[in-house]
Structure formats: C-alpha cells, structure tokens
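Here are my notes on the model you sent over, written as numbered points. Have the structure open while you read, and follow along residue by residue.

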Amino acid sequence: MLTNYLKIALRNLHKQRFYAGINILGLSIGVACCLLISLFVWDELGYDRYNEKADRIYRVNSDINFGGKHETYAVAQAPLAAALRDEVPEVETACRFRQWGSRLLRREGTTQNFNEEKITWADNEIFDVFTLPLVGGEKAALLTEPNTIVISQSAAKRHFGDVNPVGQNMIIDNQTPVKVTGVFKDIPRASHFHYDFFLSMAGLEEAQSPVWLSHNFNTYVVIKPGADPREIDRKIEALFKKYAAPQVKMAIGATLEELEAQGSWARYTLFPVTDIHLKSSLVAEHEANSDVAYVWIFSAIALFILLIACINFMNLATARSANRAKEVGMRKVLGSVKQQLVGQFLTEAILMSAIAFSLAILIGEMAMPYFNQLTNKELEMPFGHIGFFGLLVAGALLVGMMAGSYPAFYLSAFRPIEVLKGKLKSNMSSGWLRHSLVVFQFAISMLLLVGTAVIYRQLNFIQNKRLGFDKEQVLLLGDAGSLGEKFEGFKNSLEALPEVKSTTSTCYLPVNSCRSDNTVWIDGKSRDQYSLQMQCWWVDDHYLSTLGMEMVDGRFFSKDFATDSAATVINETAVKKFGFENPIGQKIDQFDDISLQTYRTYTVVGVIKDFNYESLRENVGPLGFFFSPKQKSNLAIRFDATTDIGPLIDKIRREWDAVTPGLPFDYNFLDDRFRRMYESEQRLGNIFIVFAGLAIFIACLGLLALAAFTAERRTKEIGVRKVLGATTGNIFVLLTSEFTKWVLVASLIAIPLAWWGAVKWLENFAYRSPVSWWVFALALGVALTVALLTVSLQALRAAWANPVESLRSE
C-alpha cells in the first residue's frame, strides 16, 4: 500500500510541477534559514561552557554609586581575590586579570617585533579556575615568579616556529625581558576572553596594593558545590566594610554609613561566567560581548521565516485540495476507505516536505560561508551528530503532517454524492484560512522591513551626528610610545611634512582608548559632599587642534604658561556637576597616588564643549584634561582634507623605518575606530535586510502560486465577464484587488508591533533618531509593490486569455 501511495504521490508531483516546485523551493529556503540561525543561536548560548567547572565559575561585578556617577564594573579591588580565598569558606579558589592593552613583543635575539593585543596580567590560579590545557610547562610553577609569561600555542608558533619556547626569553616593548615558563592550548572561540599571553601578576606592583577603593582587576571565583552565590555576595559586602571602612574615612573624610545615608553605595555580586557573553556589557569587559536580545530577535526571525514557508506549504496544499474533490469522490465510489485517502494525502505532503528538508541541507551548506561572513562566526553543519538528523526527520514529518492533515481529514470525510455534485468546491471557495495566512505572512515581512529601516536609520544618525570632535582626517599610530628617546625627533619630522596640520601624543582618545576614572572634589570643601567621579585625561597642548574640539570658556593648555602643570580644563558636564557658575579660576583636587594619602590641587583655566567620548548609548559624563607635554604614547596626526592618503602613509612609513627598523608600522584611522564601535548594530542591520528579503521572497512564492490558482479557479467567471464587456483593466483590478486588500490588513497588524519594537530597541541609545512615519509607509509601499508585481503576471495572463477557450464546453 505504501508503495502505491508513493507512486501516486510522485505522479501528482509530476502533474503539478509548478505548484510542487514553488512549495518545495519556498519550504527548503525557509528551513535552510532556520537551520543557519539555529546554529548561530546555539553557538551564542554555548559560550564559556568549555570550562569543566563552568557551572561554578562566577565573576565579581562591582556596582558603584559615588560622586554623582553610577556605574557597574566588570572589575574589583586588587586584594579581593586573596581575601575570598582566605576568608570565605564557600570559595574554592579565585583569580585575577589586569588588562594591559597592546604591546610589542619579540623573541630575544631577534629584531622583528609583533604588535600583540591579546596580552594581560594574570594569577597562577587562572589554571585552576578555567580549563586551559597545557602543552608545555608545570602548572604549579606558572606565573608564580616576576617577569615570567605563559603563551598560547598559536603565539608560540608565531614567535618561535618549531623551537620549544619553554625556558626562552621574550622582550616586551624593546625593554623588559620575560621568561616563557609554559604554553597552553589556544582558548576556544566560544569564550568571553581570548588571550595569547599571560604575564605573571607577581611582577605587577599594583597587584600587591592593599587599597580597597580602586577597581581594576577582573576577578573570578570557583564556588564549592552546593554553595549559595547570594550568601557569598553578603560575605563580600562584609569584607568590603571590614577593610574599606578605614580607607574611606582617610580618603573621603566620612564613614561608610554617612556615605550610604547620602545615597552612595558599593555593592558586589557574583555573576555566572556562562551569562557574561550574552548578558553583560559593563565597564572594563575583556572584550565586547553580544546581547541576549539579539539572540531572541534572531530566534524570532528564524521562527517567522519557517512559519512563512510552512504557511505557503499548507496554503497551497489546502488550495489545491479543492481541485481534487472529484478524485476523492471517485476513489470512494470505487471502494477506497477514509484511512486510505488520509494516507494518500499525508504521504504526498510528507514526501514534498522530505524533499524540501533534504534540499534545505544543501542550501544551508552552500550558504554557510556567506552566513559566517555576515555573523562573524565560524559555524558548520553538525553532520557528526545523530541528533541533528533526528531533528530534521522529525521536522519533515511534522511539517508534512500539518500540511496534509487539513485536506486529508476534510476531504475524506465528505460523502461521494455531494463531492461529485460539486458541493464541496463551493464550500471551500471562501478561502478564509488562506487569506488569514497571507495576512500573517506579509505582517511578518513588514515587521522585518521596518526593523531594517530603523536600524540603518539609527546607524546613519550615529555616523552623521556632531560628536563635539572631528573624527575625519586623523591618522593614529598605536606603537609610537615604543620609540623611546627617538619619539620627539620622529614627532617633529612628521610635523614638518606639508600634509600634516598638527599632531598630539596621548593614550586618551574619544574612541576606544585609555580611560581613567578618578575621584575629584572642590578644593577646600568636604570630600564626602563635594566629590565627583570624573574621567581624568593627560594630554599635550596640541590635543585640542588635532582632534578638532571647541572651547566655550577660558583657554586650553600652552607651553607658554609654566603654571599649566597645575591647571585643568573641564567639560561642560563637569561644570554642571560641580555647580560652578564661573568655573575659570576654581580649584579642584584629586589624589596624587594609589595609596590615597596625598592629593594635588589644580586650577580650572578653561571649559571645553561636551563631546561624546563613549558610545552614543551613553550620555556625556564629566571629564577633565590635565597637562602632560612630554608624553610618549599613541600619536594622532591630523592631515589636510585634500591630502592623497596613500603617499602620506608612505612618507610616514619611511620616517618610521628610519628611526626604528624592526618595529611594525601599525596605523589606523579615528573614523574607522568609531565605526567599529557599532559593529554589532551594523551586523544586526545586515542580517535583518538579508532575512527580510528572504521572508518577502518566500511569501511572494506562495502569493504567485495562489494568484495562479485563483486565476485558474475563476477562468469561466473571467470568460463570462469579458463576454459581457469587461475590459482587461477591469479583470486586472478584480484579480489584484483581493491580494492588495489583505496586504493592507497585514499592515494594520504589523505597524503597531513594529513601532513598539523600534521604540524599545532605540531605548538602548542615549542619542537616537526619531521613529518617523515614512519608515512605516516605506515598508507598506515595498510590500504592496512586491505583492502587485507578483500577482500581476498571473492577472494579466488571465485578463488577456480568449474567453472562447474557457467557455467552449459550456
């Protein structure tokens, strides 16, 4: 019997090639999209689970509200890790990282440096907390001595080739020798940090600091099985009160209780390491993390596209079933029972579904390289997992059963006499189910279109917003500080180039660079009531002109004023936070060393216009500039707008090679750095536009088939109308107006939902573009245009048909 079902099913597929092809193509594309996005979501949810103790690893987060600033940090105090190991019995072990930025590294005895960005200070205990398998060295001896380093396999290959690096020396920034004591396997891609070099924390003076008021160390703990993280939170709070209270009294002049009564606080919580990648975007993260909201969005897109494809599949199955009513009647007259008819319809639907799912695997495999490029992933089809194929088989059966169940059970239940008299056909011609499904399809398509438009409009707003500084025509040299005594000569040689307008040397730039958040207070005032958490940046006298910033009061630094070593320039937000009516001449204090025992007084000599030095997701915070004319750090070079950048880079490279052969010439542009801050939004927009296009394409495949079916079903009606005088235009409007109506109904559903989603997403930005009415009008216009173009061919073909052909048998 099954063989007979398959033969008839294949015969019907061959007979209805147009409808079967559209059904299979639409479903296969939908399933392929769902497969790809599902792999993306699964990968995102699996971050940091490679660690054997993943379920017991937590990071200490710091929630600080002080000095008019509330911020949550991914770092804690230097002495906290040791205190947790020694004084909290629920903690099995703890470790710290201290981020260090990029450094030049080379093998001792060579001159070729590599600019290494994945380098950090770390404790020996990282190998007890995280699963970092060693391929060289003894774990107990790693990172226990000053000036030692542990490197990854890829770093060992890059610097040492096939030579065993253990016991060899490396040179950092052409100055500091360190000994390689171990090699670890490369950290898996699905980790929230990726370092190639771990420097021993024993060689970092700051790591031995007893200060509990400075937060610079990413701190992780492994809790014992059965321990309650919230109980450990309470014990961390007790440790803070125990050790920080006397330091707060000395530094601020107030007790912790008095500060808490004023609304200040310092709270510490354990955060699961497996949640960091998707649910953490704090200050001082190791890397930019993803966002769980995007996982939900992509999951919804996958579900919607699969639903659109399945709706097409079921829509055409139910639409074509009416044309098979007489076949069903004849089968029942000839002795077929209901179970046999149900089996036949279900077999046909499952066969088409199976073909579509098989084709989807091929489409997904072919599209994988482009999808990886789109999402910045390295995904692959899990052909080695039997569960993958089990899910595909289950999916094909489920979709086939759903698509075939309606015509199977509905048609097989009618009596043959009614079927052969044509009563069933008139009964099924209302099409309310098909219309509802068309509405659902285009509502989803318009949601995706609006999402795409809103994302790209916000990105355009970000790129064109006045930031308070000029990010264009600024070239950055990241390793200039390594030139040492040759730095000033190199800087002077660049300033002599006719294309160069000005240069500045600083670690502090408005985009993705150093940050220094310090406590500052009004001189002569109580620290506990007049303190402010403020960014403190050390810059030279050319900083303002090089970065195109604007003064609103007073002046910027100058070498002509010897007193500028004790001067500061603050931004407008700092003026408001301090409450200065006349800021010029006011005096502010800040601590002079990490011990918080001494401080220096600075005089305000200027006020700079607010500029966005963080992402536009954040409001501008208080900031102060301090004069440091002899810095040897990153070099920013402003060049003339008419400059041909290629020859200029060649000139700068020649000057670089002349003073420092062997050092890599590494440069980038400030505007490129700015764009990279919004890579996740750019990627989201690209994904939206791709899958919005696919959703509309799949919906239109179904619409095309439905239009063809409608024209076929109404052939005689159209013939009669033409005989009675209807024009081609009348017939065209008759056939297209039905689908236009349902697209308009879909817009009534989609537009409110799209508006709500757009507003919620834009709330992530402190500076955002408005949600304009034309975005929704554009989405509706695109949907209507595509729908009309899709059905027009079938409508015109029906309108141009000779009525004699359709009425010949009447």
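Predicted model: local features only at pLDDT ≥ 70, side-chain atom pairs only at ≥ 80, totals over all residues.

**Notes on the model**

1. Which residues of α20 are buried? They are Leu648, Ile649, Ile652, Trp656 and Val659. Looking down the axis of α20, you'll find these buried residues within an arc of 95°, so they line one face of the helix. Arg654 and Ala658, on the other side of α20, are exposed.

2. I also checked the length of α20. The helix covers residues 645-659, and at 1.5 Å a residue its 15 residues should span 21 Å; the C-alpha atoms at its ends are 22 Å apart, which agrees.

3. On to the strands. Strand β16 (residues 517-522) runs antiparallel to strand β17 (residues 531-539), and five bridges join them. If you want a pair to look up, Thr519 has Gln533 in β17 as its bridge partner. β16 is also joined to strand β20 (residues 587-591), again antiparallel, by three bridges. There, Ile522 has Ile588 in β20 as its bridge partner.

4. Now the aromatics. The count of aromatic pairs comes to 41. Take Trp537 and Phe611: their ring centres are 6.1 Å apart and their planes lie at 65°, so this pair is edge-to-face, the angle being over 60 degrees. The pair links distant parts of the chain, since Trp537 is in strand β17 and Phe611 is in the loop between β21 (599-608) and β22 (623-627), 74 residues apart.

5. For another geometry, see Phe578 and Phe580, a stacked pair with 5.1 Å centre to centre and 20° between the planes. Both Phe578 and Phe580 are buried.

6. Trp537 and Phe611 also belong to one aromatic cluster, together with Phe469, Tyr508, Tyr543, Phe556, Phe557, Tyr613, Phe625 and Phe627. I'd colour that set when you next open the model.

7. Two charges over rings deserve a look. Arg267 has its charged end over the ring of Trp265, 4.1 Å from the ring centre. Lys471 does likewise with Phe674, its charged end sitting over the ring at 5.1 Å from the centre.

8. Along the chain, Ala300 and Ile37 are 263 residues apart, and their C-alpha atoms are separated by 9.7 Å.

9. Last, the chain as a whole. Its secondary structure comes to 26 helices and 24 strands. How much of the chain counts as buried? The figure is 52% of the 810 residues. As for contacts with a separation of 6 or more, 79% are between residues 24 or more positions apart.

Conventions: Residues numbered from 1 in each chain as written. Heavy atoms only, no water. Helix = DSSP H or I, 4+ residues; strand = E, 2+ residues; numbered from the N terminus. Expected span 1.5 Å × (residues − 1). Buried < 20%, exposed > 50% of the residue type's maximum accessible area, 1.4 Å probe, protein only. Arc of directions from axis to C-beta. Pairing = 2+ DSSP bridges. Phe/Tyr/Trp six-rings, centres within 6.5 Å; stacked < 30°, edge-to-face > 60°. Lys NZ or Arg CZ within 6 Å of the ring centre and 35° of its normal. Contact = heavy atoms within 4.5 Å.
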